[in-house]
Amino acid sequence: MFCFQCEQTAGCSGCTGNAGVCGKSSATAALQDELTGALIGLAKACGNNPRTEDTTHILIEGLFTTITNVNFNDETLREMIAKVHAEKERVVPNCATCASPCGNTSDYDMKEIWEADEDIRSLKSLILFGIRGMAAYAYHAAVLGYEDETVNAFFYKALSFLGFDLEMGDLLPVVLEVGEVNLKCMELLDRANTETFGNPKPTKVPLTVEKGPFIIITGHDLYDLKLLLEQTKDKGINVYTHGEMLPAHAYPLLKQYPHLKGNFGTAWQNQQKEFDGVPAPILYTTNCLMPVKESYRDRVFTTEVVSYPQMVHIGADKDFTPVIEKALELGGYKEDTEFTGINGGKEVMTGFAHGTVLSVADQVVDAVKSGAIRHFFLVGGCDGARPGRNYYTEFVKQTPKDSVILTLACGKYRFNDLDLGEISGLPRLMDMGQCNDAYSAIKVAVALAEAFGCSVNELPLSMVLSWYEQKAVCILLTLLHLGIQNIKLGPTLPAFISPNVLAYLVEHYHIAPITTPEADLKEILGA
Ligand code: FSO
Ligand code: SF4
């Protein structure tokens, strides 16, 4: 196998051999490559032939399926490949029987990318991993009935580009286009979430689990949470968010369910420890599923594109009865059980999306003008297992008291239970939401730049980002598309960025790896 799409890739260069660091087997990796090759064939088939809504949904679903920690199940991967082939057969029925096949719509062999010249491989990887991430966001928006033709059409274009022999100069603009289109996609998802569930409001979320039956729901899909809350109301079952589901507590429509009680656990990489023997079922709605341990394998449920061999999958009918029955059977804790965050805090805050922050924009601008706020830091992104990720906790702890920290995604669990106090009536630490809510951070940055009559790069704002999987790739490309300079990225740079591509990013965007909290803070603040 060869896979280097995520940050924990073996030796910071690539997972090879029988299994990846994430636990993906070489057989699964081969099927994921086969699926991606089939998607490229389907996209190319649609170049001169009409596609339907179904075709697009299949492309998006197929791309989402191959994101790190989503699908470990060879059976469902084979079904997905068959679905892509059937759709291609529908789009180009004559190809299969053509007497002189041109090969144009054939499944693509991904080895052609993995074994290509390192710069071509790097740029094609940026495109592929970027659209995998974007597909997850498009999927969540589509579940709520929101789609965008520019976003949809780009999946076909980008996949087709992967299947052609192209030069660096042809591929580089497409890399940046991923960022441009992903901005539209995140805006679409923001609209889908806020129009469906209301504008997030700052909300305190307890970390204590009350006695009695409960369900843990993890992943990013707010609609699944809504359906689960509906089906569990009046059943004596509480619901706790986990990982990237935490920001759900801030949405008015979800807040109104009194049995949405709090948050359980921290970021995805701690799940095998945190779920060990937990007296409750866990429902996975998106990525961040780790290989399931024996101690909780009877209580793992998956839905949507998430799949793991032998785990109960909740299908399109969204009947959560098996999860509910398991919660009642396990019964939860006998007494209220106190948990804390990584730093010992008993509750966390979320809900500082663009609606909230911009509603106090005047207060923020005044605080900057008066000197009360010296600097903004966006410390956001994914968490992961690498020891160097402690950097982010230390960085936040060492930021000066006259600075504000905006955060988002699951990396925040390293510091979101810290009490950092307030400045001018605003909390110093503001959680803007999930990784896709990077859109909120962008909106706030652009609004501040407008208020000060300068560019985003001239604001007293620094981005200190952590990455893990492919959604982080599309977000990074969006920031580059917006011309954001001086991003600090860690804990390590992506293995799929070749030296030449890195040199380009450094020259044009001054992107740099994180070093130490002390040195980076000194450089940023110039003190
Ligand atoms: Fe984290 Fe996982 Fe949201 Fe990622 S939960 S690592 S970037 O999937 O998507 O932040
Ligand atoms: Fe390795 Fe990451 Fe690929 Fe898993 S997803 S095989 S850990 S590079």
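R386 is partly exposed at 25% relative accessibility; buried means under 20% relative accessible area, exposed over 50%, and partly exposed in between, with a 1.4 Å probe and protein chains only. The model is predicted: local features need pLDDT of at least 70, side-chain atom pairs count only at pLDDT 80 or more, and totals for chains, interfaces and linings use all residues. Residues are numbered from 1 along each chain as its sequence is written, and side-chain values use heavy atoms, without hydrogens and water.

R386 forms a salt bridge with E7, the closest N and O atoms being 2.5 Å apart. The term means a side-chain nitrogen of Lys or Arg within 4 Å of a carboxyl oxygen of Asp or Glu. This pair links distant parts of the chain, 379 residues apart: E7 sits in the segment before α1 (26-45), R386 in the loop between β9 (375-381) and α14 (390-398). Helices (H or I, at least four residues) and strands (E, at least two) are DSSP runs, numbered from the N terminus. E7 is buried, at 2% relative accessibility.

By this rule there are 20 salt bridges. K326 pairs with D298 at 3.6 Å between the closest N and O atoms. K326 lies in helix α11 (residues 321-330) and D298 in the loop between β5 (282-284) and β6 (300-303), so the bridge ties together parts 28 residues apart in sequence. Salt bridges with shared partners join D298, R299, K326 and E329 into one network.

F154 lies in helix α6 (residues 149-162) and is buried at 3% relative accessible area.

Technical notes: Chains lettered and ligands numbered in written order.
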